[in-house]
Amino acid sequence: MAEANASEMNNMKDAGVSTPRIYAMLANQKVEDPYLYYEHIVDVKGVLQALFWCDGRSQLDYEVFGDVLAFDATYKKNKLCPVVVFFGVNNHNQTVIFGSALVTDESKEVYVWLLQQLLTVMKEKTLVSVITDGFPSIKFAIEAVFPNAHHRLCAWHLIQNATSNVGNPKFTFMFKKCMLRDYKISVFEQKWFEIVEEFGVAEKN
C-alpha cells in the first residue's frame with residue numbers, strides 16, 4: 001500500500017471517519033489495483049474486530065523476500081484501533097510491507113485470523129522466521145498458523161531484557177554491538193562468549 005494512501009487512511013481515522021467508510025475507500029482502490037486483497041471480521045453484534053488488506057506490490061515483495069516476517073502490533077496503541085503491520089527486508093536492506101490491519105480485538109482468535117489471511121493471499125507460502133514483540137496472543141497465532149517457523153523477539157525487546165536483567169550499561173552497549181553488527185557466525189559466537197565471560201553473566205537465564 002502506498003505510503004500516501006496509508007497516511008490518508010490514518011488521517012481519516014483520526015478525524016473520526018468510520019471504519020465502513022475507510023473500507024469503502026479500499027474497495028475503490030481495488031479498481032486501480034486488481035490484486036488488492038482485503039477481508040474483515042465482525043463480532044456477534046456486527047462490530048468490527050479486524051480489517052486486513054494487502055496490495056499487489058506487497059504480494060510480489062512477499063514472494064521474493066517473505067522468508068522472514070516482522071510483526072509489529074504496537075503502532076498507535078493509545079488509539080481505539082491499533083494498526084498491525086506485517087513487514088520484511090529486501091535485498092537493499094529496505095523495509096517492505098507485506099500487509100496491514102486494523103484491530104479492535106487483540107485476542108488469539110483475531111491474530112490467528114490475520115495470519116491466515118496473510119497465508120491465503122500469499123498462496124500458502126510459509127515463513128522461516130517471525131520476529132515479534134512477544135505478545136502472548138501473537139505467539140499463540142504464530143504457533144497455530146506457522147508451526148515450523150522460528151519465533152524470535154525483536155532487537156528492541158532483547159536489548160530491554162538485557163538492560164533490565166543485567167543492569168550494567170557497559171554490558172548493554174557490548175550486547176547491542178554484538179547483536180546488531182554483521183558478523184560471521186563463528187565471529188559472533190567468539191564475541192558473545194567473551195562478553196558473557198567478561199561480565200560474569202553465564203548463570204543469568
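Predicted model: local features only at pLDDT ≥ 70, side-chain atom pairs only at ≥ 80, totals over all residues.

Q: Fine. How many helices and strands are in the protein?
A: The protein has eight helices and seven strands.

Q: And what share of the residues counts as buried?
A: Of the 205 residues, 40% are buried. The accessible surface is about 12,400 Å², and carbon and sulfur atoms account for 54% of that.

Q: What about contacts between residues at least 6 apart in sequence: what percentage join residues at least 24 apart?
A: That comes to 51% of them.

Q: OK, pockets. How much space is in the largest one?
A: The largest pocket holds about 680 Å³. Its lining takes in 28 residues, and the ones nearest the centre are Ala70, Val89, Ile131, Cys154 and Ala155.

Q: Which element gives the largest share of that lining?
A: Strand 3, with seven residues. Strand 3 covers 68-75, and among the other elements supplying at least two lining residues each are strand 4 (83-89), helix 6 (155-166) and helix 7 (169-180). Strand 6 and strand 7 also supply at least two each.

Q: Let's stay with strand 6 and strand 7. Do they run parallel or antiparallel?
A: Parallel, with four bridges between strand 6 (residues 129-132) and strand 7 (residues 150-153). Together with helix 5 (residues 136-145), the two strands form a β-α-β unit, and that unit is right-handed.

Q: Which residue in strand 7 is opposite Thr132?
A: That's Leu153.

Q: Why does Thr132 count as buried?
A: Because its relative accessibility is 1%, and the cut-off for buried is under 20%. Thr132 touches Phe71, Ile138, Ile142, His151, Arg152, Leu153 and Cys154, leaving aside residues up to four places away in sequence.

Q: How far apart are the C-alpha atoms of Thr132 and Asp72?
A: They're separated by 6.4 Å, with the two residues 60 apart along the chain.

Q: Switching topic: strand 5. Is it mostly covered or mostly open?
A: Mostly covered, since seven of its nine residues are buried.

Q: What does strand 5 pair with?
A: Strand 4 pairs with strand 5 over seven bridges in the antiparallel sense. Strand 2 (residues 48-54) is also antiparallel to strand 5, and four bridges join those two.

Q: Which residue in strand 5 is the bridge partner of Trp53?
A: Ser100 is the partner of Trp53. Val85 also stands opposite Ser100.

Q: And the hairpin of strand 4 and strand 5: how many residues sit between the strands?
A: Five, and in that hairpin Asn93 has a positive phi near 60°. Asn90 is in the loop between strand 4 and strand 5 as well.

Q: Is Asn90 buried or exposed?
A: Buried, because its relative accessibility is 14% and the limit is under 20%. Asn90 touches Phe65 and Val96, leaving out residues up to four places away in sequence.

Key
Residues numbered from 1 in each chain as written. Heavy atoms only, no water. Buried < 20%, exposed > 50% of the residue type's maximum accessible area, 1.4 Å probe, protein only. Contact = heavy atoms within 4.5 Å. Areas by Shrake-Rupley, 256 points an atom, 1.4 Å probe, with all protein chains shown as cover. Pairing = 2+ DSSP bridges. Right-handed = clockwise from strand over helix to strand, strands pointing away. 1 Å grid on protein atoms, 1.4 Å probe; cavity = no way out; pocket = protein on both sides within 12 Å on 5 of 7 lines; lining within 4 Å. Points joined across faces, edges and corners; volume = space filled by probe spheres on them.
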